[in-house]
Amino acid sequence: MMHINEKTECVGCGACIEVCPKKAIAFQADAQGFNYPYTNKNLCVDCGRCERTCPVIKQTLAEYKQPACMVAWNKDDAVRKASTSGGVFSVFAEEVINNGGCVFGAAISENMNVEHIAVNNIQKLKNLRQAKYVLSNLGTSFKEVKKLLNQGRMVLFSGTPCQIGALKNFLNKDYENLITVEVICHGVVSQKVFNAYHRSLSAKNNCNIQSYEFRNKDISWQRYTVKATFKNGKIYQKERMDDPYMVGYLKHSLYLRPSCTSCKYKGFPRAADITLGDFWGIEKIKDFNTDLGASAVLLNSKKGAEIFKNIENKLYFEYTELSSILENNQSLVKSTQLGKYSDYFYSKFEKKDFKELVDKIEEKNLWENSGLSLRDKLYLLKKKFI
């Protein structure tokens, strides 16, 4: 029987729900918007499949303890610019589709929900490019993957490391025609929090959002912006530390899922055949022109290495040491901790405008870390309110 004692013990993948033969498990959302499984004891037969599938209880990892590492980017500059880092994911995905396969990944729907979808043509790959800093709804994608694999189709499944672990446990066997790709994960946010943010943007622009990018490169890869295009043609575009959502996510760690603060998928071996992320700090290693982005690539298994050989002619790449990636990608080995204003944020975010709330937290942070004495703070408060 699936029973969650602590919220840090659940990643919200839903694998237990999908594997339950009696449909005894269902999601319930908490006040923060994160889903957790609850078991109907009247339906449960204690078969144990849910516990054997849980990626927190059981970590199914890739074979290489020491991955092959490289910096790489797509030779197609248009795809590279449209991607989060170097556009390497698209090359792997194209290889699978060109061989009659299917690619699963996170996309933003028309109503701004982040959910996993299946793509089997190259034109629709654009929906899977770019990072989405929200926990995606996996829906029934695990069952769809299994069906395609059993039909002999090649499948590439991309997601967070814990989602990869959940898929492997759900399948309960190794499929030669499955390629798994994980992102270097900082942590995920609930759809409920993201909804509060984009409602705030829509209200301020008197129009709903038509499209949204967490990582736009109009300036450059290293100075990426968030960009929202509204249905009336207006555009909102801010650098990451000028946008309230990214300030709350990156600077203050206000709204990470509890399991992300004690992630079981840090370190090595990794969960997936291939790990992809930004190669931050690449300029310290070599004088590359990286305005369009550079990817850190880790090949964690024989399958990962083999598919890389098939696509390497479409990439610029150079092998490097793992240490050069880890230096600026601590999320590979270390969990992000919740910030001290997280509880304050959650107590207010449904009642207060998103931007105003994050601005208030910024103000609190500056005030508390100003170095002023209590006497000086009291003096300033007196001057402010008299």
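The side chains of E363 and K360 meet in a salt bridge with an N to O distance of 3.9 Å, a salt bridge being a side-chain nitrogen of Lys or Arg within 4 Å of a carboxyl oxygen of Asp or Glu. The model is predicted, so that local features need pLDDT of at least 70 and side-chain atom pairs count only at pLDDT 80 or more, whereas totals for chains, interfaces and linings use all residues. Residues are numbered from 1 along each chain as its sequence is written, and side-chain values use heavy atoms, with hydrogens and water left out.

E363 and K360 are three residues apart in helix α12 and are therefore separated by about one helical turn; helices (H or I, at least four residues) and strands (E, at least two) are DSSP runs, numbered from the N terminus. E363 is partly exposed at a relative accessible area of 42%, and K360 is partly exposed at 35%, where buried denotes under 20% relative accessible area, exposed over 50%, and partly exposed in between (1.4 Å probe, protein chains only).

The structure holds 16 salt bridges. Among them, K204 pairs with D353, the closest N and O atoms lying 2.8 Å apart; this pair links distant parts of the chain, with K204 in helix α7 and D353 in the loop between α11 (342-348) and α12 (354-368), 149 residues apart. K204 is partly exposed, with a relative accessible area of 45%, and D353 is partly exposed, with a value of 21%.

A106, in strand β4 (residues 102-108), counts as buried at 19% relative accessibility.
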